[in-house]
Amino acid sequence: MEWVDFLANEAATNSLSPEQTAAFVERLKTKNLGKSEFNLAIELGIEEDTFTKRMTGVYKKFAQSYPELATFKGRGRLEKLRACLTAKYNGGQDINPTSKEIYQNIPPAVPFERFVGREAELEELHSSLQISRQVAIVAVAGMGGVGKTELATQYAKQYLQNYQGGVCWLSAQGIDVGIQILRFAELKFKLIAPDDWELADRLRYCWQNWQQAEVLLVFDDVTDYKKQVQPYLPPESPRFKVLLTTRLGFDRTLPQLPLGVLKPLAAMKLLKSLVDRERLKSEAWVARKICKFLGYLPLALELVGQYLDIMPDLSLEKLLKRLEKKRLEHEAIAKANPLMRYEYGVAEAFALSCEQLDENAQRLGCWLSLYALANIPFSVKWIKDDDEQELWDKAIAQLRKVHLIQWQSKGIYRLHPLIRQFFQMKLDESSEADKLKTIFAAQMLEIAKQILPQPNREDILNLTPFIPHLAEVATHLPQYLSDEHLVALFRGLGWFYYSQGLYQQAEPWYKLCKDIAENVLGLEHPNVAASLNNLAELYRYTARYGEAEPLYQQALELTKRLLGDDHPDIATSLNNLALLYESTGRYCEAEPLYQQALELYKRLLGDNHPDVTTSLNNLALLYDSTGRYSEAEPLYQQALELYKHLLGDNHPHVANTLDNIAGLYKSTGRYSEAELLYQQALKVKKRLLGDNHPDVAISLNNLGELYHFTGRYSEAEPLYQQALQLWQRLLGKEHPLVATSLNNLAALYSSTRRDNKAEPMYQQALGICEQTLGVGHPNTMWVRGNYARFLRKPYR
């Protein structure tokens with residue numbers, strides 16, 4: 001009889017329901033030996049909880065035939081049932097499940113229901129032990145408290161039935177491991193070698209006479225493989241399985257199972273097993289924040305759970321605030337709970353790993369703790385002295401060996417949140433704290449100084465890894481920079497985000513820059529005027545015109561007061577104010593300001609200067625917007641030639657000018673010329689700015705308009721949709737450009753007789769324009785006119 005048929009017969013004999021039979025047979029199939037209940041539930045098309053409930057019913061019914069099943073839990077119960085059924089299948093009759101004791105000295109483990117998020121690791125561990133003679137559990141995050149010993153304990157208990165030759169648990173930090181093996185053999189198997197033999201001979205005697213069957217040896221908390229493990233290994237035999245737990249990383253000659261922190265869902269599940277469910281449910285969001293603050297570290301979660309259990313009236317929000325304030329020194333995680341088997345608090349567990357480090361490695365750990373909680377770009381290549389460089393290389397290697405830092409990729413490292421706190425505490429206790437913080441802040445400032453107002457794509461890629469760390473200095477170490485340097489740091493962060501169209505991220509830095517400049521440098525300072533201009537520009541781009549205008553006017557008045565009427569910065573302020581007036585449809589007010597700015601730039605900077613070119617382009621745009629095409633075109637052409645001459649062909653200003661000229665060609669019926677320029681502009685922008693930038697959305701929209709206007713609807717629609725999605729994501733859903741995009745899509749749908757889609761888009765576009773631009777703005781009137789014509793359509 002095949003095994004599956006045998007299982008089906010057993011199901012019928014024990015009166016299982018059809019649903020229980022399906023779960024039982026699937027669970028006991030040989031091919032599913034290492035699979036989790038979650039994966040088996042998916043194969044059966046049911047929820048994991050449903051599968052678990054059905055298997056619970058199965059165990060209850062089989063317990064009538066095999067009473068000892070009732071004493072097992074979790075994986076152990078499954079393995080016991082499998083052993084009973086296998087014996088019956090092989091022998092053709094029932095067996096007495098209590099016929100043989102498995103000798104073991106496994107330490108106590110947490111209840112199975114509190115051992116969460118490690119199902120895959122248990123299965124992988126078991127599979128590895130079947131393939132290889134040895135496997136080491138190594139914490140990738142590397143810190144103590146990640147659950148290495150608990151995983152080994154749970155494995156030994158849940159897979160006990162697989163090791164009929166016994167499970168021998170050995171503490172590498174206890175008395176001599178060899179003596180521990182001899183004691184186990186004497187107590188469990190009555191194996192006593194003569195006392196006058198050498199230790200190696202006595203061990204060989206034990207291995208030769210050890211009970212025949214598979215054996216599991218666990219060496220817990222190994223810190224020196226050659227001294228604590230290698231001399232005591234059994235002979236090469238497939239029946240002996242050796243499992244190690246260690247804080248250290250071994251080389252690749254030894255199979256390893258990396259063990260990291262828990263996944264967020266598993267961390268919440270662990271917390272739920274320790275804290276009243278309703279209490280967590282009422283503050284679920286805070287519970288998730290606590291898990292994140294603790295870095296999903298099992299030991300920390302266990303300690304906090306136990307602490308909450310004895311403090312039933314303490315809110316989770318209050319605890320989180322206290323943890324954030326006191327960090328590793330808070331009593332919830334500082335000391336081990338006496339009811340727990342683990343004897344250390346979190347900081348004490350880290351300190352054990354730190355003891356393995358020399359002074360240089362500990363100093364490096366403290367230095368790295370100054371970086372933000374993000375990937376850390378760190379290289380020793382800048383150190384010129386080769387001997388010193390070697391010292392730092394060794395320090396990195398030590399930190400990695402005890403897993404106090406995580407290697408992400410070449411030159412990129414990361415600290416676990418609680419390890420970062422641990423090293424910050426050590427740094428604050430040292431006499432070098434202020435010196436290191438000053439050096440670190442100065443290094444980050446030098447990087448901030450490399451940020452230009454309009455960085456190219458390569459600059460952005462190179463700067464991106466450092467941005468969280470610049471923000472860390474700006475937020476938590478501002479006292480280590482001078483006031484002017486702090487303004488430069490804030491400004492650089494603002495430029496970085498603003499140049500990519502990430503206005504929401506740029507705004508707080510621009511605001512801080514303005515506030516610091518005003519408070520520290522005084523109201524009469526050029527940096528204050530520059531800060532006002534930057535913030536006003538951001539407000540203009542995000543259609544907050546009412547907030548932008550007074551800032552522009554303040555900047556212009558202040559610049560005139562400080563620098564006089566004849567200065568390039570005056571021309572810049574005039575130009576910016578004109579841009580605002582044009583954006584709000586005040587063309588008559590914008591034109592004289594553009595002309596004044598152009599005249600100033602030419603007189604002060606000469607004809608061949610990028611600022612002159614920008615001024616020409618802006619004036620041409622105004623003429624274009626007011627239908628003065630013959631005046632606009634020569635200015636556009638002049639600006640394009642100057643940009644190419646001064647900046648080269650591959651520059652965003654060149655792409656924007658190509659876009660503008662293409663728009664003029666479209667307006668004057670030169671469609672084939674317009675298409676070529678639109679396509680060229682889009683290609684340049686994507687190459688320089690990437691796919692996710694507001695200027696790319698402008699080009700997509702413009703090309704879509706051309707295709708729409710010339711009846712190429714199927715080509716226009718995807719471009720309109722891409723532009724709309726980009727603008728909504730980058731600028732928000734209430735921006736005038738979003739309204740333009742909605743209007744264009746509505747017009748397209750109207751042209752293709754999809755009026756049910758067109759009408760709500762027209763309504764949405766008109767609502768945005770009226771709210772952000774006002775009812776009398778030209779764009780608002782344009783959208784209103786389009787909507788009115790749509791409503792007058794016959795047979796709508």
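In this predicted model, helix H11 (residues 264-274) packs against helix H14 (residues 298-310) at an angle of about 30°, and the two axes sit 9 Å apart. Angles under 35 degrees count as roughly parallel, so H11 and H14 fall into the roughly parallel class. Their crossing is right-handed. On the H11 side, the residues involved are Ala 267, Leu 270, Leu 271 and Leu 274, and these meet Pro 298, Leu 301, Glu 302, Gly 305, Gln 306 and Asp 309 of H14.

Another helix pair, H3 (residues 37-44) and H4 (residues 48-62), is set at an angle of about 100°, with 8 Å between the axes. That angle makes H3 roughly perpendicular to H4. H3 brings Glu 37, Phe 38, Leu 40, Ala 41 and Leu 44 to the contact, while H4 brings Glu 48, Phe 51, Thr 52 and Met 55.

Helix H27 has 19 residues and spans 26 Å from first C-alpha to last, close to the 27 Å expected at 1.5 Å a residue. Its buried residues are Tyr 545, Ala 548, Glu 549, Leu 551, Tyr 552, Ala 555, Leu 556, Leu 558 and Thr 559. The cover over these buried residues includes H25, H26, H28, H36 and H37. Just past the end of H27, Gly 564 adopts a positive phi of about 85°.

Helix H28 (residues 568-583) has 16 residues and reaches 23 Å between its first and last C-alpha atoms, again close to expectation, here 22 Å at 1.5 Å a residue. H28 is mostly covered, with twelve of its 16 residues buried.

The crossing is left-handed. H29 contributes Tyr 587, Ala 590, Glu 591, Tyr 594, Gln 595, Ala 597, Leu 598, Tyr 601, Lys 602 and Leu 605 to this contact, and H30 contributes Asp 611, Val 612, Ser 615, Leu 616, Asn 618, Leu 619, Leu 622, Tyr 623 and Ser 625.

H30 also holds Asn 617. With a relative accessible area of 8%, Asn 617 is buried. Setting aside neighbours within four places in sequence, Asn 617 touches Tyr 636, Ala 639, Thr 657 and Asn 660.

Back in H25 (residues 503-521), one of the helices over H27, sits Val 520. Val 520 has a relative accessibility of 34%, which means that it counts as partly exposed. The C-alpha of Val 520 lies 6.6 Å from that of Asp 483, although 37 residues separate the two along the chain.

Ala 213, in the loop between helix H9 (199-209) and strand S3 (215-222), has a phi near 160°. Arg 753 has a positive phi as well, of about 60°, and is placed in the loop that links helix H36 (736-751) to helix H37 (755-772). At a relative accessible area of 76%, Arg 753 is exposed.

As for the cysteines, the structure holds zero disulfides. Cys 206 is a case in point: the nearest cysteine sulfur belongs to Cys 168 and is 9.7 Å away, whereas a disulfide needs the sulfur atoms to be within 2.5 Å. Cys 206 is buried, at 1% relative accessibility. Cys 769 also counts as buried, at 2%.

Methods
Residues numbered from 1 in each chain as written. Predicted model: local features only at pLDDT ≥ 70, side-chain atom pairs only at ≥ 80, totals over all residues. Heavy atoms only, no water. Buried < 20%, exposed > 50% of the residue type's maximum accessible area, 1.4 Å probe, protein only. Helix = DSSP H or I, 4+ residues; strand = E, 2+ residues; numbered from the N terminus. Expected span 1.5 Å × (residues − 1). Axes fitted to C-alpha atoms, helices over the stretch in contact; angles between N-to-C directions. Parallel < 35°, antiparallel > 145°, perpendicular 65-115°, else oblique. Left-handed = near helix turned anticlockwise from the far one by under 90°. Contact = heavy atoms within 4.5 Å.
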